[in-house]
Amino acid sequence: MPAKKASPYKEAFLKRVEITVGKNLEDCTKFDLYTALAYAVRDVIVRQWVQTQKAQAESSAKKVYYISLEFLMGRTLGNTLINSELFEKADEALKELGIELEDLLDEEADAGLGNGGLGRLAACFLDSMATLDLPAFGSGIRYDYGIFKQSVNNGYQVEEPDNWLRNGNPWEICRPERKKAIHFYGKSTTFRDHDGKLWHSWIDTDEVIAMPFDTPIPGYDTETVNTLRLWSAKSVFGFNLEEFNKGDYVNANLQLSLNENISKVLYPNDNNYEGKELRLKQQYFLAAATIMDIIEDLKEDGVELTKMHEKVAIQLNDTHPAIAIPELMRILMDEEGVEWEAAWETSSKVFAYTNHTLLAEALEKWPVHLIEKLLPRHMEIIYEINYHHLRQVANLYPGDNNKLGALSIIQEGSEKMVRMAYLAIVGSHSVNGVAALHTELLKHGLVKDFYEYSPEKFNNKTNGITPRRWLKKCNPGLSSLITEKIGKEWTNDLDQLTKLEKFSSQVKFRNSFHEIKQLNKQRLIDYITAQFDVKINPDSIFDIQIKRLHEYKRQLMNVFHCIALYQDLKENPNADFTPRTVIFAGKAAPGYWMAKQVIKLINSVSTVVNNDPEINDKLKVLFLPNYSVSMAEVLIPACDLSEQISTAGKEASGTGNMKFALNGAMTVGTLDGANVEIKDCVGDENIYIFGLTVEEVQNLKRSGYNPHNYLYHGSRLRKVFDLIESGFFCPEDQDLFKPIIEAITCHGDQYMVAADFDSYYEIQQQISKDFRVLPEWTKKCIANVANMGMFSSDRTIKQYADEIWNVKPLKK
């Protein structure tokens with residue numbers, strides 16, 4: 001009988017164990033085995049990557065460059081195995097060697113190069129661009145330390161460096177031949193050439209090297225592998241040996257450290273001048289490196305730069321990279337000799353801008369004097385852009401100085417500021433919001449003057465999520481059940497999920513769906529109990545809110561509800577109570593004091609509730625530290641109830657709401673962001689909507705909102721406040737949470753917690769009743785999964801490609 005032929009995947013893995021790790025298999029640690037597997041998988045996709053780059057270089061196809069200060073990629077190995085359809089083959093090959101693939105996946109560090117939704121959206125978009133065979137290129141910063149590692153000490157958030165590169169990164173390849181020299185400071189001068197033409201020159205600058213590191217981004221069920229290029233700051237000076245030999249060890253490294261700080265940390269705290277300067281440096285560093293990179297490619301291809309818009313589309317992911325607009329103008333005019341009008345016509349056809357916020361305070365502004373110091377030539381160009389722009393505004397609105405002030409890129413005042421969102425709008429041919437409601441509020445609220453001035457620029461592109469990571473990878477049980485019933489095409493055509501609706505009436509399918517949910521809940525329980533000494537009831541409602549901590553996201557209202565439930569149980573311990581496990585996860589910005597106090601309150605409530613023997617397993621409150629993409633992949637499939645409870649009119653879109661619904665969780669939420677479109681898709685009966693609408697919020701504020709109208713004696717929220725103020729949750733410091741209460745009672749309750757609390761409490765009571773009727777609850781959950789096709793990032797990217805970028809698929 002002939003011997004069984006060895007698996008080529010096993011052979012490839014063993015080869016990498018030998019030549020990359022340099023050990024015998026039996027001597028390898030789990031991390032060694034992960035490293036060998038990562039390189040073996042990379043070997044497979046690199047071949048396709050090279051072919052994709054070759055095909056794109058040889059083609060005359062237009063290409064999109066997606067510039068984002070954040071790319072929250074998470075772990076790469078599992079996603080790459082799924083997109084390359086190698087997961088089962090790798091699993092089988094490793095099992096032959098007595099190795100469990102799941103054990104190796106956990107060895108990879110999360111690439112936490114983002115703060116939340118913005119960065120995760122960028123990662124989903126890269127996945128979809130490759131899956132759709134679009135010639136596309138991501139550009140970001142290779143931060144040495146990503147979003148901080150969060151721990152909890154005595155209930156308080158503690159930030160620690162997230163050294164995600166400490167063990168190396170097998171997925172990246174350094175491209176030193178593509179490095180760029182980035183300039184700062186100096187001065188702007190002019191001179192005339194022998195023909196009398198006036199030129200501008202930026203001289204006496206400091207220089208930093210932008211070193212590119214490329215990561216392959218494979219699409220699903222295609223041979224297309226696109227590129228994410230992350231730039232790392234390197235000093236041109238290096239190590240000062242002379243100073244070192246003198247014993248001056250600090251100054252020997254000083255210049256190197258100052259220059260390389262640019263890519264050291266994601267979002268340095270900008271509560272001080274030095275932090276602001278460093279953050280602006282980061283933005284220009286990324287923008288300049290990307291623009292230079294693009295122009296280098298265009299020149300190699302012989303493209304006339306005044307026609308670059310025919311070959312290149314640049315998408316600005318929020319305002320962070322908006323400085324790319326004056327940078328492209330500088331290169332076209334100062335280095336290529338293009339006249340202003342032609343340069344502006346080209347530039348404004350290249351750029352498109354995505355807005356991600358409805359918070360006026362979140363729209364970036366930089367002091368004019370800071371830009372003048374750091375980027376003097378760019379400030380001149382911004383003034384020139386503003387001059388031409390306001391000349392056109394004046395022609396449309398003669399004599400209307402208020403309109404000129406409202407539309408000016410420069411904000412006048414005691415300190416002149418550059419409004420970066422306005423620069424992005426003026427310098428782009430397309431401005432899009434990220435949910436239908438968000439876009440309408442942009443057009444008629446936040447930037448209504450710009451919409452009235454140039455309505456043709458504005459459009460909506462509702463966000464989406466990749467179903468490869470957010471269903472197929474993170475929820476293999478549900479993924480397999482879906483494939484068994486409707487085939488595998490749903491993975492890159494999410495509209496196929498509507499075929500599931502006919503199965504929701506079948507008892508066998510509902511039971512299978514519920515069993516998978518229970519298995520996912522047990523997996524989460526195992527994850528939690530490995531870290532915390534807590535007993536969790538698997539039959540309780542898993543009520544989950546995972547978001548960065550911000551007052552408008554109203555984690556505070558959720559914890560107030562936890563206290564109200566606790567009071568209900570204490571008042572009536574024998575009540576017929578639906579058990580509930582409330583889970584919070586998310587990070588507060590290091591300088592955001594109030595958000596960090598909310599974390600402390602959650603943990604203080606958790607300590608009391610979870611240790612009260614009278615409560616037993618009826619109610620648990622948990623805060624899971626160090627939220628990450630990998631944690632989300634455990635939390636989301638286990639969720640019964642998804643908390644999407646922002647103040648109406650504050651959330652641009654949200655994508656967590658989509659991930660939860662796709663995995664069969666019910667949503668409790670306000671009519672805010674993409675919740676509105678989710679409701680339209682799943683039906684009113686399959687979502688729990690509460691609270692004020694945007695219009696009601698606006699009307700209430702206009703008429704003089706008074707939170708005390710909702711805090712009368714005996715009201716539920718008043719009882720909650722009384723318990724907090726009594727020091728019950730922090731007896732050693734009874735006034736600790738006083739500022740939280742006063743934000744509502746004394747400072748206007750900006751985010752309308754008091755106004756919405758009773759509505760929130762009542763809808764939660766209804767949810768508790770509905771959860772007990774398992775067949776109907778499961779039907780609702782299935783309806784959510786079946787109607788989430790619209791929220792695939794593939795759909796979003798198709799719209800960007802067709803309606804903004806004019807970029808077509810390119811297959812090898």
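How many positive and how many negative side chains does the protein have, and how far apart do the centres of the two sets lie? There are 92 positive and 113 negative side chains, and the two centres lie 3 Å apart, where Lys and Arg count as positive and Asp and Glu as negative, with His and the chain ends not counted, and where the place of a charge is taken as NZ of Lys, CZ of Arg, CG of Asp or CD of Glu.

Before selecting anything, note that this is a predicted model, in which local features need pLDDT of at least 70 and side-chain atom pairs count only at pLDDT 80 or more, while totals for chains, interfaces and linings use all residues. Residues are numbered from 1 along each chain as its sequence is written, and side-chain values use heavy atoms, with hydrogens and water left out.

**The whole chain**

Begin with the C-alpha trace, which spans about 95 × 90 × 65 Å along its principal axes. The radius of gyration, taken over C-alpha atoms, is 28 Å, which agrees with the value near 28 Å that a compact globule of 812 residues would have; the globule rule is 2.2 Å times the number of residues to the power 0.38. A cartoon view brings out 31 helices and 25 strands, which are DSSP runs (helices H or I of at least four residues, strands E of at least two) numbered from the N terminus. Of the 812 residues, 59% count as buried, meaning under 20% relative accessible area with a 1.4 Å probe and protein chains only.

**The sheet with β15, β17 and β16**

Select next residues 365–367 and 410–411, which are β15 and β16, together with β17 at residues 417–419. They belong to an open sheet of 3 strands in the order β15-β17-β16, with antiparallel pairing. β15 and β16 stand at the edges, each with a single partner strand, so one side of each is left without a neighbour in the sheet. Strands count as paired if DSSP finds at least two bridges between them, and β15 is joined to β17 by 3 bridges, with Lys 365 standing opposite Arg 419.

**Strand β18 and its partners**

Move on to residues 430–433, strand β18, where Ser 430 and Asn 432 point one way and Val 431 and Gly 433 the other, and all are buried. β14 (residues 351–354) runs parallel to β18 and is joined to it by 3 bridges, with Ala 352 as the bridge partner of Ser 430. β19 (residues 458–460) also pairs with β18 in the parallel sense over 3 bridges, and here Asn 432 has Asn 459 as its bridge partner.

Now select Lys 620 in strand β22 (residues 619–624), which is buried with a relative accessible area of 6%. Beyond its neighbours within four places in sequence, Lys 620 is in contact (heavy atoms within 4.5 Å) with residues including Val 534, Arg 580 and Asn 610. Arg 580 is 40 residues from Lys 620 in sequence, yet their C-alpha atoms are 6.6 Å apart in space. Asn 610, in helix α22 (residues 593–610), is also buried, at 19%, and Asn 610 touches Leu 619, Val 621 and Leu 622 among others.

**Helix α27**

Finish at residues 716–725, helix α27, where the buried residues are Leu 717, Arg 718, Val 720, Phe 721, Leu 723 and Ile 724. After α27 comes Gly 727, whose phi is positive, near 85 degrees.

Conventions: Buried < 20%, exposed > 50% of the residue type's maximum accessible area, 1.4 Å probe, protein only.
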